[in-house]
Amino acid sequence: MAFSTWIQAEQFYNRTVMWIALGSIVIIFIGLFIVFYAERKKAVRYIGVLTIFLAVLGFWTYEQHQKYASYIKEYSLISPLIRDRQADAIVPVFYSEREKKVYARLNDLESLQELSLYEEKDNSIPIHYLGESQFLHYFEYEGRIFHTSSRILYTDDVSDAQIVGSEFTLKDSRYMEIGFNNDLNTMFRAVEVNEKNRQKSYIPETGQYIPSIKEVFHQWNF
């Protein structure tokens, strides 16, 4: 979505719609006052004018809603990981530092892929597969042994093993001006292991502390 369109949509839903709602309530009260206190002929004429005005206003609002429908879907995907504020009011409400720190470690791959604001780029790091033991898979990277238990994908497309993920950057840097994050960690997708290593086993040394994949790759969200 173009930056200008996003700004227009945000102003429409957070400001214009509120004023339309308030104006419609005032018009309805005026209409009720006319019905109860004005002469019948005048009342019919006034009510007719107010009804037409409300119908035109409603039709225009519906057209604007259709125009910005994609904004509603994309806005629902936003969390403190992606933006530092809630912009669904006249005055934006900023997330706390605690919320942002918690969400900063969230792997929200699907939401980022659905947001048209971000560009996705593949990222991969070669690692060495040691084998499996008691439902854990062991790997080595730069002399460090680590383990993981999820998202293991056996394939012939890799010679040994690699960790794969997605990097996301804003297509338009102006989105940073309204609180969008352009410094996201890499979102983990899977660990790819060569098919020939499927039956490979590994037995850790007794008492050896082996960190998890999260402890080794700090700039990745798992």
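A residue counts as buried when its relative accessible area is under 20%. By that cut-off, 39% of the 222 residues in this protein are buried. The model is a predicted one. It contains six helices and nine strands. The radius of gyration is 28 Å, well over the 17 Å that the globule rule gives for 222 residues, so the protein is more spread out than a compact globule.

**Overall dimensions and contacts**

- Along the principal axes, the C-alpha atoms of the protein fill a box of roughly 95 × 35 × 35 Å.

**Surface and charge**

- The protein exposes about 13800 Å².
- The protein carries 23 positive and 28 negative charges.
- The mean position of the positive charges lies 12 Å from the mean position of the negative charges.

**A residue in a loop: Ser79**

- Ser79 sits in the loop between helix α3 (69-75) and strand β1 (85-86).
- The relative accessibility of Ser79 is 10%, and buried means under 20%, so Ser79 counts as buried.
- Leaving aside neighbours within four places in sequence, Ser79 is in contact with Tyr95, Tyr103 and Asp108.

Definitions and conventions: Residues numbered from 1 in each chain as written. Predicted model: local features only at pLDDT ≥ 70, side-chain atom pairs only at ≥ 80, totals over all residues. Heavy atoms only, no water. Helix = DSSP H or I, 4+ residues; strand = E, 2+ residues; numbered from the N terminus. Rg over C-alpha atoms; globule rule 2.2 N^0.38 Å. Buried < 20%, exposed > 50% of the residue type's maximum accessible area, 1.4 Å probe, protein only. Areas by Shrake-Rupley, 256 points an atom, 1.4 Å probe, with all protein chains shown as cover. Lys, Arg positive; Asp, Glu negative; His and termini not counted. Charge placed at Lys NZ, Arg CZ, Asp CG, Glu CD. Contact = heavy atoms within 4.5 Å.
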